[in-house]
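This report examines the salt bridges of one protein structure. The sequence and the structure are shown first.

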Amino acid sequence: MTLRFSSPSLVLIPCLALALLSGCSVMQSQQGTEPVALNSQFAVIPLTNLSQTPHAGDQAASILSALLRAKGANEVTLYLPEDDNPLVYDNRARQQQALAEALDNGADLVVSGTVDEWRYKNGLDGEPAVGITLEVRDPSDNGILWSGTAARTGWGREGLSVAGHKVLQSLIDAMPLQQGANQ
């Protein structure tokens, strides 16, 4: 018995293999009316942690600030106030403290958001799963310049921070960043 492959099968097999190797991800973003200026003073405040992983919001904010710098933003400050009780679920007080400090320091843009998922899934492979929503706001009128959300599941040997990095990178790539744009 001889197996014959038609040309659509030859195309479909590599495409399926590529999809399996890349993990599953989804990203949705809103294009703002104005570009986000890379020469702005960015303030990254603690992300609201809706996941079950302690400090996931702080971990994501730390990665986010480094990625913004790598993208060309010169003035990025990460505001992570002292956490009196890291086991407390609600971090709004820390966010308000960080926001007040950022505004006192003259921040042009505030980057905030939520970590919806930041964990290893149960099962044999224990794939990393990350879901994040970001907003870039103008603190002068609290207007949202841009917002986006992305999620990804990786593979068993991929680290959680690698999956988080990929999700945050896809969000930053979707931001309408522009060199030298004015606020």
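## Basis of the report

This is a predicted model, in which local features need pLDDT of at least 70 and side-chain atom pairs count only at pLDDT 80 or more, while totals for chains, interfaces and linings use all residues. Residues are numbered from 1 along each chain as its sequence is written, and side-chain values use heavy atoms, with hydrogens and water left out.

Asp-58 is buried, with a relative accessible area of 15%; here, buried means under 20% relative accessible area, exposed over 50%, and partly exposed in between (1.4 Å probe, protein chains only). Arg-94 is likewise buried, at a relative accessible area of 9%.

These two residues form a salt bridge, with their closest N and O atoms 3.2 Å apart. A salt bridge is a side-chain nitrogen of Lys or Arg within 4 Å of a carboxyl oxygen of Asp or Glu. By this rule, the count comes to six salt bridges.

## Further salt bridges

Glu-135 pairs with Arg-137 in a salt bridge whose closest N and O atoms are 3.0 Å apart. Glu-135 counts as partly exposed, at 22% relative accessibility.

In the salt bridge between Arg-152 and Glu-158, the closest N and O atoms are 2.7 Å apart. Both Arg-152 and Glu-158 are buried. Salt bridges that share partners join Arg-152, Glu-158 and Lys-166 into one network.
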